[in-house]
Amino acid sequence: MVSYLVIRLYQIIILILLIRILLSWFPNVNWQSEPFYSLRKFTDIFLEPFRKIIPPIGMIDISPIVAFIVLQILVSIIVHILEIFGL
């Protein structure tokens, strides 16, 4: 049951990150107004650590790709541990 909730939470976070990435393609989105400000603040928690390590390649920011991979690995490890304990 707990592993199911972890997987659902992961899916919601990925969806929110995808929305942020797609919105970044539109130059006239005002990131200082709601709901975009809250969306940016929430997703920056996941993206900023990778942006500090990985510089953009030209005008392409690959930090979301790395964030997706790392999140997937972390969720897999957490779910595996939870399943070992029968949660």
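Me: Which helices each supply at least two residues of the nonpolar patch?

Reply: In this predicted model, helices α1 (2–23) and α3 each supply at least two residues of the nonpolar patch, and α3 gives the most, with six residues. The patch lies on the surface, has about 1,200 Å² of accessible area together, and includes M1, V2, Y4, I65, I81 and L87 among its members.

Me: Why is I81 called partly exposed?

Reply: I81, which is found in helix α3, has a relative accessible area of 42%. Since buried means under 20% and exposed means over 50%, with partly exposed in between, the value of 42% places I81 in the partly exposed class.

Me: Why does D44 count as buried?

Reply: D44, found in helix α2 (residues 36–53), has a relative accessibility of 17%, and because buried means under 20%, D44 is counted as buried. Leaving aside neighbours within four places in sequence, D44 is in contact with R20, P49 and R51.

Me: How do you know that F68 touches other residues, and which ones are they?

Reply: Contact means heavy atoms within 4.5 Å, and by that criterion F68, placed in helix α3 (residues 63–84), touches Y10, I14, L17, L18 and I21, not counting residues up to four places away in sequence.

Conventions:
Residues numbered from 1 in each chain as written. Predicted model: local features only at pLDDT ≥ 70, side-chain atom pairs only at ≥ 80, totals over all residues. Heavy atoms only, no water. Helix = DSSP H or I, 4+ residues; strand = E, 2+ residues; numbered from the N terminus. Buried < 20%, exposed > 50% of the residue type's maximum accessible area, 1.4 Å probe, protein only. Patch = residues over 30% accessible without salt bridge, like charges linked within 9 Å, V, L, I, M, F, W, Y side chains within 5 Å. Areas by Shrake-Rupley, 256 points an atom, 1.4 Å probe, with all protein chains shown as cover. Salt bridge = Lys/Arg side-chain N within 4 Å of Asp/Glu carboxyl O.
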